[in-house]
Amino acid sequence: MSPEIIFDPYTKLYSEASTLVRSSDIRDLLSITGRSDIISFGGGLPYIGGLPPEEFSRVMNDVLREGFTEAFQYGETGGLEMLKSRLVEVMAEEGLSAEPEHILITTGSQQALDLIGRLFIDPGDTIVMEAPTYVGALAAFCPNGPRITTIPLDDMGMRVELLEEELQRADASAPKFVYVVPNFQTPAGVTMQKSRRDKLIELAEKHDLLIIEDNPYGLLRFEGKPEKTLASRAPHRVVYLGTLSKTVSPGIRVGWVMAPAPVVEKLAVLKQSADLCSSSLNQMFAEAYLSQDIWKKNLENQKNIYRSRRDTMLKSLEKHFPKEARWTHPQGGLFIWVTLPEYLDTSKMLPLAIEQKLAYVPGTAFYPDYSGANHMRLNFSFPPEEQIVQGIKRLGKVIRKEIELYHSLGLDHP
Ligand SMILES: Cc1ncc(COP(=O)(O)O)c(C=O)c1O
């Protein structure tokens, strides 16, 4: 885990906002997952080993040869115009039509979350999030001091009927926005079904809501029919976030926001104070890469690898996990969400797993109130299949042991 800080002489200097930053279990975990002896289901890492280095080098060399001056210069805060046009094509792959002038390029979609938090949230404002939700969105929004209303998920995505009840509560204050990850949600791996999307848009219209649609995984579908994006149904109600992190590479840090023009303009002003502009070199690489057919071929290849790893993990879970456990069956993305009996605490169990040279993310990381202790998120995109089989077998043993311990202590017979 992270090195222990014994005494911090700077404490009295820190801002109040900094105290609202969530400590990230994932960040702590990633320091372990780098160890070669650990089988890690913990991070959310794409599998870079599946990408062809020669093709990436060739594209990068072309960029350096043809655009050296531009690549090593500052660029526009809003982003490279040619890249915006490419991203319009990327969004069209999901049936979303967009205009380049409604796009702001960001340094990963994580930056977009940070800017959105700063643009919309004043301390005490209500925002709505799924439960569980993306840990990085919690990290981005929390320093602004929101009151977070959570709406649980099930296999069909956010339980929008509960959002409706919440909005009808007489004492409820109008939320600034509703944040959702509709496709292969992290951490749960579930996809919001059409009826839920319809209802969410209906509620947005009725209650004048803004929706933040965060869609990093939509193009990582292994099977089944894609659902239409929320942004394509009600563009005036939606701030849409995209990223190349899962479809090209997270190392290039290229994400984007598509939003109504006034919102794009405000976000651009905030971005200017954050980093002036995203890396020109990386944007040019992304533009050149997306202009060639290899990006679709490589994405197909990545999906084949992930599909096979998901299948291996699902099979291994079936074989090695106790009957008390349940898990989601994602049709894409990177994660499976496991639910254990209520009496188990996956944070307390983590050191036992680490002893067995395994890592996962405990459920509490994904809830604003640190509930969800009987859940865990498993990543299947990164570990090779033989590690998935070994790791799930060992994790199954750890869980069985904990269940046996619970029963042997008679805790199930009050
Ligand atoms: C739901 C979601 N949103 C945003 C991000 C941030 O991605 P990036 O900053 O790499 O574009 C991630 C990364 O895992 C994510 O899962």
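Analyst: Helices (H or I, at least four residues) and strands (E, at least two) are DSSP runs, numbered from the N terminus. This is a predicted model, in which local features need pLDDT of at least 70, side-chain atom pairs count only at pLDDT 80 or more, and totals for chains, interfaces and linings use all residues. Residues are numbered from 1 along each chain as its sequence is written, and side-chain values use heavy atoms, with hydrogens and water left out.

User: What separates K303 and E300 in helix 12?

Analyst: They are three residues apart in helix 12, and therefore about one helical turn separates them.

User: Why is the contact between K303 and E300 called a salt bridge?

Analyst: A salt bridge is a side-chain nitrogen of Lys or Arg within 4 Å of a carboxyl oxygen of Asp or Glu. The closest N and O atoms of K303 and E300 are 3.5 Å apart, so the pair meets the definition. The structure holds 24 salt bridges.

User: Why is K303 called buried, and what makes E300 partly exposed?

Analyst: Buried means under 20% relative accessible area, exposed over 50%, and partly exposed in between (1.4 Å probe, protein chains only). K303 has 12% relative accessibility and therefore counts as buried; E300 has 39%, so it is partly exposed.

User: How do you know that R310 and E223 form a salt bridge?

Analyst: Their side chains meet at 2.7 Å, N to O. The pair links distant parts of the chain, 87 residues apart, with R310 in helix 12 (residues 294-320). R310 is buried, because its relative accessible area is 4%.
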